[in-house]
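Biologist: I have the sequence and the model open side by side, and I would like a close look at one part of it. Could you pick a spot in the core and walk me through what surrounds it?

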Amino acid sequence: MHNIPILLLLFQLMLSPIQVSEDINIKQSYVLREEIPILMYHEIGTPSGPWKELYVEPETFAKQLDWLAANGYTTVALADVYSHWYKETPLPEKPIVITFDDGYLSMYEKVLPLLLSKNMQATFFLYPSKFGTPTGLTPEMVASLAENGMEIGSHTYSHMDLTKASSQQLKKELLDSKILLEKLTKKPINFLCYPSGQFNSQVIIEAEKNGYQAAVTTQMGKASVSQEPFQWKRVRINYSDGLTGFIKKVQ
Ligand SMILES: [Zn+2]
């Protein structure tokens with residue numbers, strides 16, 4: 001009879017090393033990426049009007065993407081960054097986030113096909129009051145961006161300076177945009193981009209209360225695990241950067 005416990009013990013010994021090694025493998029694949037560049041773009045096109053630096057020529061943008069691919073960068077979503085820093089989900093060695101503010105027509109016409117052709121992804125911060133305007137995306141285009149694997153974030157409802165909003169307005173800007181974008185994309189909207197980079201402690205409290213996980217600013221620098229999640233920095237890419245300036249900022 002005493003053979004049975006021995007057999008059980010042997011069986012356990014056979015099983016336990018496998019389980020231990022699996023645990024080790026999972027832990028080994030998590031290497032903390034302390035700093036992650038979150039690039040900030042606005043319009044991809046030839047400049048027209050006074051805000052030349054908000055544009056990047058399509059050819060230059062394509063060259064910047066090719067440089068990223070050739071230098072081992074992997075484009076990831078903000079959701080991946082958040083899970084990496086707060087839930088220990090592994091990320092590739094050189095993760096990078098590409099973000100676009102405002103939602104110009106070029107996002108659908110130029111940026112989406114370019115990203116798909118290079119097997120890359122980006123995050124688009126949109127505000128619904130721009131939808132359907134002459135330079136803005138249509139709701140159908142927004143849905144298509146999401147269907148094609150792009151991440152959508154809120155840039156509030158009407159792009160107002162949140163530090164000047166009444167508490168009622170603030171809640172409306174944060175929540176109405178989230179609800180509408182979730183309906184359009186059929187995905188949770190967890191990330192926020194402050195219009196004109198304006199925020200204060202009240203804005204952060206309300207954003208958190210209304211279901212956001214993190215927010216990006218216009219403060220220059222790479223995002224880091226040491227920054228508050230509602231104060232992630234970004235690397236602004238300007239018209240005058242070209243490819244050389246771009247490389248300097250990203251590295
Ligand atoms: Zn904006």
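Predicted model: local features only at pLDDT ≥ 70, side-chain atom pairs only at ≥ 80, totals over all residues.

Modeller: Leaving aside residues up to four places away in sequence, Phe 124 touches Phe 100, Gly 103, Met 107, Leu 145, Met 150 and Ile 152. The largest nonpolar core holds 60 residues, and Phe 124 is one of the three that touch the most other members, together with Val 97 and Ala 215. As a general point, nonpolar side chains in soluble globular proteins tend to be buried together.

Now look at the strand that carries Phe 124. Strand 7 covers residues 123–126; Phe 124 and Leu 126 point one way from it, Thr 123 and Phe 125 point the other way, and all four are buried. In a regular strand, side chains alternate between the two faces of the sheet.

Which residues does the neighbour, Phe 125, touch? With residues up to four places away again left out, its contacts are Thr 99, Phe 100, Asp 101, Gly 153, Ser 154, His 155 and Cys 193. Phe 125 counts as buried because 27 other C-beta atoms lie within 10 Å, where 20 or more are needed. Thr 99 is 26 residues from Phe 125 in sequence, yet their C-alpha atoms are 7.3 Å apart in space. Across the chain, 64% of the contacts between residues at least 6 apart in sequence join residues at least 24 apart.

Strand 7 has a partner in strand 6, and the two pair in the parallel sense over 4 bridges. Strand 6, helix 4 (residues 105–117) and strand 7 form a right-handed β-α-β unit. Strand 7 also pairs with strand 8, again in the parallel sense and over 4 bridges. Here Leu 126 stands opposite Ser 154 of strand 8. From strand 7 the chain passes through helix 5 (residues 139–147) to reach strand 8, and this β-α-β crossover is right-handed.

Helix 5 deserves a moment of its own. Its buried residues are Met 141, Val 142 and Leu 145. Viewed down the axis of helix 5, they fall within an arc of 105°, so they line one face of the helix. An α-helix has 3.6 residues a turn, so residues three or four places apart point the same way. The buried residues of helix 5 pack against helix 4, strand 7, strand 8 and helix 6; Leu 145, for instance, is among the residues that Phe 124 touches. On the other side of helix 5, Glu 140 and Glu 147 are exposed. Just after helix 5, Gly 149 has a positive phi of about 90°.

Follow the chain past strand 8 and you come to Thr 156, in the loop between strand 8 (151–154) and helix 6 (167–185). Thr 156 also has a positive phi, about 75°, although it is not a glycine. Is Thr 156 buried or exposed? Thr 156 is buried, because 27 other C-beta atoms lie within 10 Å.

Conventions
Residues numbered from 1 in each chain as written. Core = buried A, V, L, I, M, F, W, Y, C linked by C-beta atoms within 7 Å. Buried ≥ 20, exposed ≤ 12 C-beta atoms within 10 Å, placed from the backbone. Contact = placed C-beta atoms within 7 Å. Pairing = 2+ DSSP bridges. Right-handed = clockwise from strand over helix to strand, strands pointing away. Arc of directions from axis to C-beta.
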